[in-house]
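We will go stop by stop, selecting as we go.

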Amino acid sequence: MPNPTPTPTILSLINPYYDELTIALRAIHRASILTKSVLRSLNNSVSAETKADDSPVTVADFAAQALIIAAIHAVYPEDKFVGEESAKALRENLVLRERVWQLVVQSQRSTSPQVLCDEGDAAISDSGKVQGRLRQGGSAPEQQWLATPKNMDEMLDCIDLGISESTRKGRVWVLDPVDGTATFMEGKQYAVCLCLLEDGVQKVGVIGCPNLKLDLGAEARGLGTKVHEDQVDDAGYGVVLSAVKGQGTFVRSMHASGFGIAQRINHDNDQVQQRDVIDIDFVEATLGKTSLVQDDHRAVAERLGAQWPGTVIWSQQLKYVALALGAADVILRIPKGKERYTFIWDHAGGQILFQEAGGVITDFDGREIDFGQGRKIQGHMNFGMVAAMPWCFSRVMQTVKEVLDERAK
């Protein structure tokens with residue numbers, strides 16, 4: 001049974017959402033290790049499989065959603081969840097249900113990860129003991145073992161907590177356990193995503209990138225370098241990015257039993273101001289594999305004199321990660337019309353990572369993306385999207401409108 005609503009810890013009173021960030025990091029770490037274990041059991045590629053009802057990616061999707069929700073729900077029992085999956089298929093398919101359950105059981109053997117808070121106030125050892133500043137008040141998330149479903153029925157119930165529809169009021173956790181299933185099946189890039197909304201506004205975002213190989217040594221040489229599908233961390237567990245509204249964006253390496261030290265992502269505005277629009281790197285989905293109007297995307301780049309496509313990444317959330325890391329400059333989403341929509345779990349979390357790193361995101365009317373619309377971001381509420389750093393945002397938006405005007409003639 002979940003605990004009563006927890007008393008905030010001292011650190012959460014000093015740093016808002018510290019506790020939520022800590023539990024989110026731990027939940028995403030565990031789910032990332034689980035999904036990576038599935039890939040490694042199949043030699044880092046499940047290309048022979050399709051996303052059928054019992055494929056490895058489907059099993060990983062369900063198991064990761066169960067684990068993420070179980071961990072959060074045990075600490076915040078009144079919070080709601082919006083996830084891509086429901087347990088309907090599992091309830092109807094005993095073989096699939098047992099495969100998912102075995103993966104959940106396997107995750108119970110993993111160790112509790114070390115967590116370093118963004119401000120460096122405390123470090124938490126694998127045993128759950130606080131090192132550094134002492135905590136007082138409520139029970140700290142680092143001092144608790146992550147909750148896990150105790151049996152199959154509880155696993156199914158956890159998954160079904162993700163079928164909530166409303167995101168306008170209250171606290172809602174939005175999750176996508178495996179964003180980028182097509183490239184996951186090829187052993188390439190994918191994301192494990194979690195975002196806390198309050199009254200439809202992003203407050204905490206955590207995205208694990210278990211296959212992303214990035215140099216986060218003392219000089220963090222990997223920040224700003226290009227990201228691509230084949231940049232796979234075969235030996236390790238990739239990286240995780242996190243952000244709290246008003247507190248910046250951080251990146252950590254992930255390891256089997258924990259994290260590396262958090263490094264804040266700071267884009268040098270003086271340096272980027274010197275760049276020319278012809279150097280813009282437009283990050284794009286796989287060509288011909290999206291419902292967006294890629295011909296219009298190309299037209300925008302050509303009018304600016306920029307190469308198109310620049311970086312090609314399938315996972316939508318990895319595109320936001322690329323922007324946050326400074327590995328690309330612009331995401332365009334030009335739909336065919338206002339009747340189009342996109343799912344909330346493809347954007348919640350990733351957007352706050354980029355915004356807290358200094359990025360700007362609006363629809364074509366200059367409005368912020370409204371995450372209070374429920375499971376779908378509707379085109380008649382937010383038509384299109386431009387995500388870019390401030391130095392090039394206005395030029396890109398102006399060019400988008402020129403291209404749309406040409407299309408309307």
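Start by selecting histidine 297, which lies in helix 9 (residues 294–304); helices are DSSP runs of H or I with at least four residues, strands are E runs of at least two, and both are numbered from the N terminus. This is a predicted model, where local features need pLDDT of at least 70, side-chain atom pairs count only at pLDDT 80 or more, and totals for chains, interfaces and linings use all residues. Residues are numbered from 1 along each chain as its sequence is written, and side-chain values use heavy atoms, with hydrogens and water left out.

Is histidine 297 buried or exposed? It counts as buried because its relative accessibility is 0% (buried means under 20% relative accessible area, exposed over 50%, partly exposed in between, with a 1.4 Å probe and protein chains only). Now show its contacts (heavy atoms within 4.5 Å): leaving aside residues up to four places away in sequence, histidine 297 touches Glu284, Leu292, Trp308, Leu332, Arg333 and Ile334.

Next, colour the open sheet of five strands, ordered 13-12-14-18-16 with mixed pairing (two strands pair if DSSP finds at least two bridges between them). Strand 13 (311–312) and strand 16 (360–362) are at the edges with a single partner strand each, so one side of each has no neighbour in the sheet. Strand 12 and strand 13 run parallel, joined by two bridges. Pick glutamate 284 there: opposite it stands valine 312 in strand 13.
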